[in-house]
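Hello,

Here is the structure I said I would pass on. My notes follow below it.

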Amino acid sequence: MPGTGTKLTFTYDVLVIGVVDSRTAVIAAVIVFIGTNNTITTQAFMTVAPLPRPIASPPYGFIRFIGGGLAPFAAGKLAAAYGDHLPFSIGAAAIVASIGVRASGHRLHAGVEETQALQLVPGSLDADADLVTA
C-alpha cells in the first residue's frame with residue numbers, strides 16, 4: 001500500500017509530465033510511475049472490497065475502463081481550450097485530494113496492510129482472495 005511519500009512522488013511525476021516538453025521524459029514517467037500506481041491501486045481496491053474478488057472485480061474494471069476511455073477525450077478538450085498543461089495540473093490536484101481520502105480510511109488500509117503481510121508468509125492462505133502464496 002503506498003504511503004503519503006509515494007503519493008507525493010506520483011503527484012510530482014504528473015506535474016513533470018505537465019511541465020516538461022520532452023517526449024522521452026513523458027513516456028518514461030508514464031511507464032514507471034503511472035503504471036505502477038495502477039497496479040498498486042488495483043491491488044488495494046481488491047483487498048479492501050467487502051465482496052469476494054470475483055464479485056468486486058467487474059464493477060471496479062467497468063469504472064476504471066470507462067474513466068480510462070473518457071479521460072483522454074476530456075483531457076484533449078481541456079488542452080485545446082485552455083492549454084496542454086491544464087489536464088496534468090488537474091491530475092496532480094486529484095492525486096493530492098486522494099491523499100486526503102486515503103488518510104480518512106485508516107481502518108480499511110490497516111486491513112489491507114495486514115492482508116498483504118499475510119500474503120508474504122510462505123504457505124499462508126488468504127481466505128478473502130483465495131490465494132495461496134508459496
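Does Ile-66 count as buried, partly exposed or exposed? Ile-66 has 41% relative accessibility, so it counts as partly exposed (buried is under 20% relative accessible area, exposed over 50%, partly exposed in between, with a 1.4 Å probe and protein chains only).

This is a predicted model, where local features need pLDDT of at least 70, side-chain atom pairs count only at pLDDT 80 or more, and totals for chains, interfaces and linings use all residues. Residues are numbered from 1 along each chain as its sequence is written, and side-chain values use heavy atoms, with hydrogens and water left out.

The protein chain has five helices and two strands (DSSP runs numbered from the N terminus: helices are H or I with at least four residues, strands E with at least two). Their order from the N terminus is α-α-α-α-α-β-β. Of the 134 residues, 24% count as buried. Among contacts with a separation of 6 or more, 49% come from residues 24 or more positions apart (contact means heavy atoms within 4.5 Å).

Ile-66 sits in helix 3, residues 53-82.

Helix 4 covers residues 85-103, and its 19 residues reach 28 Å from first C-alpha to last, close to the 27 Å expected at 1.5 Å a residue (the expected span is 1.5 Å times one less than the number of residues). Its buried residues are Pro-87, Ala-92, Ile-95, Ile-99 and Arg-102. They lie on the same side of helix 4, because they cover an arc of only 145 degrees around the axis (the arc is that of the directions from the helix axis to the C-beta atoms).

Regards
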